[in-house]
Amino acid sequence: MPLPFLTADRALDEDGPAAGDASLPYEDPSRRRRPYRPGPWRIGGGALLLLLASYVLFSAMIIALAGSVPAAGICVGGAALVILCAVRLVRAGVWIDENGLRLTGLFSATTVRWSEVAAIRTAQQPVRWLGLPRSVQGQAVLIELAGGGAPRVAFTDHGADFLGRPEAFAMAADAIEGRAAQYR
């Protein structure tokens, strides 16, 4: 039994009332969006952090019922910090709009305007495995800036979004290169 109300692209279903004549709500070029879906490692890490936060909140409730409200407050604050980290982990990645690229990490975000981008290319080089210090041979999408300097790594095929998904990496690299050609 198909459930078209659960899909984001229900307007593009063949049997839907507006088959093919409506664009998706996230196709607005002025709205910042990720050109790829988050990978299973990123979603799994966020889910584990949210599971940890639920246990900490449950322990805060038990501590509050036992009578130690300040200790429960500390637990709630810790759980809020873990939830914030989970949200930042899932939102990390490359985001594109008509103004430029936004490289979002766990603790920082950098915006590169399209006028500052000289080229975007895919290169074979040593990359970090899941963001850890261990390096392996892989591919990286590099952003070369017009002002010169070392190219920035946008994402790699061994990152949390593309580990074990080479087709998704190739599609995301093509999407970013296409958007760069469109907006520059």
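The protein contains 3 helices and 6 strands, where helices (H or I, at least four residues) and strands (E, at least two) are DSSP runs numbered from the N terminus. Starting at the N terminus, the order of the elements is α-α-β-β-β-β-β-β-α. The structure is a predicted model, in which local features need pLDDT of at least 70 and side-chain atom pairs count only at pLDDT 80 or more, while totals for chains, interfaces and linings use all residues. Residues are numbered from 1 along each chain as its sequence is written, and side-chain values use heavy atoms, with hydrogens and water left out.

The pLDDT, the predictor's confidence in each residue on a scale from 0 to 100, has a mean of 85 in the protein, and 84% of the residues reach 70 or more. Over residues 19-24 the pLDDT is below 50, and this stretch has 10 contacts in the model beyond near neighbours in sequence; a contact means heavy atoms within 4.5 Å. Where pLDDT is low, the predicted coordinates should not be read in detail.

Of the 184 residues in the protein, 29% are buried, that is, under 20% relative accessible area with a 1.4 Å probe, counting protein chains only.

Helix H1 spans residues 40-66, which is 27 residues. From its first C-alpha to its last, H1 reaches 39 Å, close to the 39 Å expected at 1.5 Å a residue, the expected span being 1.5 Å times one less than the number of residues. Arg 42, Gly 46, Ala 53 and Ala 60 of H1 are buried, and their cover includes helix H2 (69-91). Just after H1, Gly 67 adopts a positive phi of about 115°.

Key: Buried means under 20% relative accessible area, exposed over 50%, partly exposed in between (1.4 Å probe, protein chains only).
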